[in-house]
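Please look over the sequence and the model below before reading the report.

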Amino acid sequence: MSTLTKTALFSLSDYYLMIDAGILENRKVELIKGEIVEMSPSGNLHYLTIGRIAALFIPLTAKHGLIGYQQSGLAIPELDSEPEPDFYLISQTILDGEVKAEPEQAFLVVEVADSSLRKDRMVKLPLYARAGIAEFWIVNLAEDCIEVYRVPDRAAGAYGDQKSYRRGDRFALLAFPDFEVAADAVLPRSPQA
């Protein structure tokens with residue numbers, strides 16, 4: 001005799017009701033395609049890298065009126081999802097009033113991956129592509145590189161352009177081609193170095 005298990009799926013509004021009611025208080029979770037998922041614990045290197053990324057974008061945010069969010073929810077209503085990327089950039093004007101940004105209005109979404117690398121590639125990447133996120137990075141701490149994904153294919157849940165940058169490499173941000181990123185400014189020095 002086999003036992004069938006069914007996972008309860010929640011809408012984004014269900015998720016917000018649970019947050020407002022305190023049901024998810026003191027829990028590190030995110031909503032992914034209707035499922036409430038525990039987030040991987042983050043170590044010091046993870047937090048250090050997020051800080052480096054936020055600092056890197058300070059001149060760009062000031063010049064273009066952007067806001068850089070760290071470990072904050074990004075609502076994707078049509079996919080019943082609200083992942084919490086490690087960093088994302090949106091225009092400050094989008095947030096005038098009480099309206100949340102649409103995912104395709106994010107100029108950049110970044111996940112810092114150590115223990116979460118498989119989840120970031122297999123779950124988050126297709127989610128962000130389906131949401132129309134124009135540029136998505138995985139800062140891959142295990143392989144000491146930045147994986148840059150562009151040209152989202154919403155139907156396929158994939159990106160048409162994928163590049164990897166290592167120490168010494170430089171590349172421009174898609175939405176702001178005059179803003180050059182040095183991989184060394186993002187990638188932290190390992191404790192053994």
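## Basis

This is a predicted model, in which local features need pLDDT of at least 70, side-chain atom pairs count only at pLDDT 80 or more, and totals for chains, interfaces and linings use all residues. Residues are numbered from 1 along each chain as its sequence is written, and side-chain values use heavy atoms, with hydrogens and water left out.

## Largest cavity

Searching the whole structure gives two cavities of 30 Å³ or more. A cavity here is a set of points, on a 1 Å grid over the protein atoms alone, where a 1.4 Å probe fits but cannot get out; lining residues have an atom within 4 Å of a point. Points are joined across faces, edges and corners, and a volume is the space filled by probe spheres set on them.

The largest cavity has a volume of about 150 Å³. It is lined by 18 residues, of which Met39, Ser40, His46, Asp86 and Ser116 are the closest to its centre. β5 (108-113) and α4 (117-131) each supply at least two lining residues, and α4 gives the most, with three. Helices (H or I, at least four residues) and strands (E, at least two) are DSSP runs numbered from the N terminus. The lining has three nonpolar, six polar and nine charged residues. In this scheme Ala, Val, Leu, Ile, Met, Phe, Trp, Tyr, Cys and Pro count as nonpolar, Asp, Glu, Lys and Arg as charged, and the others, Gly among them, as polar.

## Second cavity and Lys33

The second largest cavity holds about 30 Å³ of space. Its lining consists of Lys33, Leu79, Val123, Pro126, Leu127 and Arg130; by class, four are nonpolar, none polar and two charged.

Lys33 sits in the loop between β1 (29-32) and β2 (35-38). Although not a glycine, Lys33 has a positive phi of about 50°.

## Asp80

Most residues other than glycine have a negative phi. Asp80 has a positive phi, near 45°, and belongs to the loop between β3 (66-70) and β4 (87-91). With 29% relative accessibility, Asp80 counts as partly exposed (buried is under 20% relative accessible area, exposed over 50%, partly exposed in between; 1.4 Å probe, protein chains only).

## Helix α2

α2 (residues 44-56) has 13 residues and reaches 18 Å from its first C-alpha to its last, close to the 18 Å expected at 1.5 Å a residue; the expected span is 1.5 Å times one less than the number of residues.

His46, Thr49, Ile50, Ile53, Ala54 and Leu56 of α2 are buried. These residues lie on the same side of α2, because they cover an arc of only 160° around the axis, taken from the directions from the helix axis to the C-beta atoms.

Note on methods
On a 1 Å grid over the protein atoms alone, a cavity is a set of points where a 1.4 Å probe fits but cannot get out, and a pocket is an open set with protein on both sides within 12 Å along at least five of seven lines; lining residues have an atom within 4 Å of a point.
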